[in-house]
Amino acid sequence: MVQSLQEVLADPEVLQGLNLNPASFRFPSSPLVVASAVHWPPHIAVTRGTDGVLTLSLAMGNVMQVLTQTLNFTYSVITPEDQSWGSELPNGSWTGMIGQVVEKEADIALGPFGIKLSRSRVVDFTESLYFDDRAILAKKGEPEIDPWGFLYPLTDSVWAALAGGLVVVWLTLGMMSHRPKVATLLDWSIELLLENMRVFLNQDVKDSLLLGSLKVRTVLGSWMVGAAVVYWGYSGNLTSLLAVRHIPQPIQTLRDLIDDPAVTVIMKPNTIVTDTISKMKTGELRELHELQFKGRVKYQHASTFPAALDTVVRHHQHVIISTSLSADLHMAELFIQTGRCDFYKGRQTFFTSTYCMIGQKGSPIVPAITHRIRSLIESGLYGYWLLSEIPAITTCRSSPPITLVRAPLSLANLWGAMVVLGAGHLVALLAFLLELCWARTCH
């Protein structure tokens, strides 16, 4: 008959051997270890067979295989009704996997768990298996046309340099060229400025400038070459920019999320994140916690996240806060199904924590498990097992915020330029009318 772990540990010889040599110890008889687990890919998958027995797979399933072979035990899997990691209740009891370990319904819990002071008072943690932070997972917007895209081929510094070059050339030509006697200084200066602007716009110039001195022609020719190079570069970049669409990704930080009243947050319940932010007094994480009082937080188990992504998150009404690795997994799975990167991770990550297994407080099996976990971490096996479960992990992680569109140009592409053109014509018309009024007044 198979003995439980507690029955085997009641043997003084077994207990002494486990305490003295935790790194090399093996149980002489194979005890039954009860392990608590919750489905949480890519760390662990918990599936129920036709016979009702729970089985483990993925990275934590591999860890349990290593432990059973090196420590010589068998195990059975149980899962808490609330499918949570566990939180402390006002009466001092615990829910979730931690509650099952505290109540000695389970010998160990796989989690993996983040370390927290209140948890460490009731359970023992193994060495860390992994470090991960939290990220915001949201739906990308639809490709948009930017009507002011004609301003983007040149940066602000280039525009400033062009304006400075125009002024320098204008002043230089003003000093080098000879002003006609019939022209006033103001008229001549304005005429020179307009001629240099015509050069920049690839228009013709007056023969009087071209027939000037060698110095004047040298300065004017240099300005023509520089303006032509900029003009050709601008034209090429503008054509490229008109062929792309901008994909909005508005939720990049916690502040963006908190300030958008239309967005609801989906999070896992009873985790180290929810427990910690509920005790904070100030800051963005405290504001995140208070969103639940405004009806903007939904607590759901991790197993429901894929369905939520393809429904409420896809319609821009919700975002998911999960670990960065889980976000990569969800994006990769949807990419494999659809061939598209419809979702993105926010730029800001937060709340980095470590992940460990737990055992009953004072249990001698925890140090033995720690020694074996250390070997897995040092060899890189656990990280390898995790990443091997996400075949397309990098495909959508850094997808560009623009997309190429092969379509004819429409008014939607060009109305910004048309506005500038119309405003220029309007200014020219006003100037013409003012000239007419001025001429009539003078005469």
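Trp40, Trp85 and Tyr355 form one aromatic cluster. For pairing, rings of Phe, Tyr and Trp (its six-membered ring) need centres within 6.5 Å; planes under 30 degrees apart are stacked, over 60 edge-to-face, and the rest tilted.

Some ground rules. This is a predicted model, where local features need pLDDT of at least 70 and side-chain atom pairs count only at pLDDT 80 or more, while totals for chains, interfaces and linings use all residues. Residues are numbered from 1 along each chain as its sequence is written, and side-chain values use heavy atoms, with hydrogens and water left out.

The ring rule gives three aromatic pairs. Phe25 and Phe27 have ring centres 5.1 Å apart and planes at 85 degrees, so this pair is edge-to-face. Phe25 is buried at 10% relative accessible area, and Phe27 is buried at 2%. Buried means under 20%, exposed over 50%, partly exposed in between, with a 1.4 Å probe and protein chains only.

Trp40 and Trp85 are also an edge-to-face pair, 5.2 Å centre to centre with 85 degrees between the planes. Both Trp40 and Trp85 are buried. The charged end of Lys268 sits over the ring of Trp85, 4.7 Å from its centre; the rule is NZ of Lys or CZ of Arg within 6 Å of the ring centre and within 35 degrees of the ring normal.

Last, Ser324. Ser324 lies in helix α14, residues 324-338; helices are DSSP runs of H or I, at least four residues, numbered from the N terminus. Ser324 is buried, at 8%. Its contacts (heavy atoms within 4.5 Å) include Asp132, Arg134 and Thr349, leaving out residues up to four places away in sequence.

Notes
Helices (H or I, at least four residues) and strands (E, at least two) are DSSP runs, numbered from the N terminus.
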